[in-house]
Amino acid sequence: MASLLLIQTYGWILEAGEGVVAKVEFENVYKSFPARQSKKDKAAQAQLDNTKQSSRVSVLRRINLSIEDGEFMVLVGPSGCGKSTLLRLIAGLEELTGGNIRVGDRLINQLPPKARDIAMVFQSYALYPHLTVYNNLAFGLRRMSSKQEVSVDRVETSRLPQWADRILAAATRSLPKPLRHKPEQEQEIEARIQTVAEMLQIDHLLNRLPKELSGGQKQRVALGRAIARNPQVFLMDEPLSNLDAKLRAETRTQIVSLQRQLGTTTIYVTHDQVEAMTMGQRIAVMAEGEIQQVGAPLELYNRPANRFVAGFIGSPPMNFIPVVVQAPALVLHEQFRFTLPDGWAGAVASHDRGDLLLGIRPEHLQLSVAATKNLPMRVEQVEALGSETFVVGKLLGTEVVLQARVEADKPVAVGDEVWLSMRLEKLHLFDPATGLAIMPED
Ligand SMILES: Nc1ncnc2c1ncn2[C@@H]1O[C@H](COP(=O)(O)OP(=O)(O)OP(=O)(O)O)[C@@H](O)[C@H]1O
Ligand SMILES: [Mg+2]
């Protein structure tokens, strides 16, 4: 709460420059890296052909995404899907293979990183170990200030000429601290650091070295360094993954409220779907270098576009069961059969007698009575959390694993044979060949 008040009080210092619209757009972005080859492979390759194309590994393909000004966009996906590479392309730490990236109305493809007005926070904090927290925060600002004004508000009439300011500072450097002249730029940097440090509650740590900080404190310093620069865009690459669970949840909330207050366009990378769901205004789900779906958290949860998104968003993950559909709306399995709710008939018409994949989330299965429309399951594992119980087992007579989230007070034991009813309005169907969702009419 205290930090929120501070942001409100000091927010003016950190306001983005007037009229800056930091929309971020990816247009058909491609990225490939040269494939690593052994000498023998290289020789063989050279003999076969000398096209460059064949010796490159494609890491990002057809990335088209538009992030609104001030939006908090989360990129989520499994390890190796290209999330960090995409961030590094925006920051200018990697070169594009194809396509365009725009920030506001500027095409930034060719701009050096320093000219992009973007601040990145890494998982590893990347603090300078030999500099105090204060100097870590000041480092980027000093570099910036040699080129541009740091402060938004600066009263022109009170300024010494820059040369006089510098000479005075040099001449008084050996005097006791209170008598030294501080260049105006340094005074502004100090004010900004103080504001940011109070905001993140690290003001009591300014004189410490990074090695004297806890993981959570280091991460706040890394965030502070990005915020102090007041960039057009924040890029955050798994900034919380080195923190323990409690601190991660706290810092998560703090980052979200800071971002809402500052209104700075933010792209946040994580492989944790809970983090994605709780932080993102919108989420882009990535897999194997491609964007699978972009949408608000609940949109992805309720209407996943394909099997990958359905299995990735939601915890524990969705259950998938191979079934056969029979027009107009019958779903058949050797263990159960039921009629799809209204709205599905049109959608499944073209799949008559075809194989489909039924998807149902653990929270949409309930312990129930023996009935042909219910799923019989042999219980193999029971996790009682107090508030709820997770029951895991196999669909009877099959190798299909089912997981159900059931009420805590229902007695279930390993080895039991139970029946699960589905909330039919919550089920999903997928084409097993393409993985694409089949959507009912609303
Ligand atoms: N410099 C490089 N040279 C060759 N291949 C690279 C390079 N950098 C990344 N890759 C490859 O690109 C793919 C995407 O890597 P990236 O670091 O973007 O994944 P990520 O989604 O951030 O994964 P993680 O969640 O593990 O951080 C990986 O297969 C990786 O091996
Ligand atoms: Mg990464």
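In the predicted model, the protein chain contains 12 helices and 21 strands. Of its 442 residues, 33% are buried.

Six of the strands form an open sheet in the order E13-E12-E11-E14-E20-E21, with antiparallel pairing. The edges of this sheet are taken by strand E13 (336-339) and strand E21 (437-438); each has a single partner strand, so one side of each is left without a neighbour in the sheet. Val 324 has Asp 355 in E14 as its bridge partner.

Strand E16 (residues 375-384) runs antiparallel to strand E17 (residues 388-395), and seven bridges hold the pairing. Here Arg 378 is partnered by Lys 394 of E17. The hairpin formed by E16 and E17 has three residues between the strands, and Gly 386 adopts a positive phi near 95°.

On pairing with strand E18 (residues 401-407), E17 again runs antiparallel, with seven bridges between the two. Lys 394, the bridge partner of Arg 378, also stands opposite Val 401 in E18. E17 and E18 likewise form a hairpin, with five residues between them, and Gly 397 in the turn shows a positive phi of about 75°.

Notes: Residues numbered from 1 in each chain as written. Chains lettered and ligands numbered in written order. Predicted model: local features only at pLDDT ≥ 70, side-chain atom pairs only at ≥ 80, totals over all residues. Helix = DSSP H or I, 4+ residues; strand = E, 2+ residues; numbered from the N terminus. Buried ≥ 20, exposed ≤ 12 C-beta atoms within 10 Å, placed from the backbone. Pairing = 2+ DSSP bridges.
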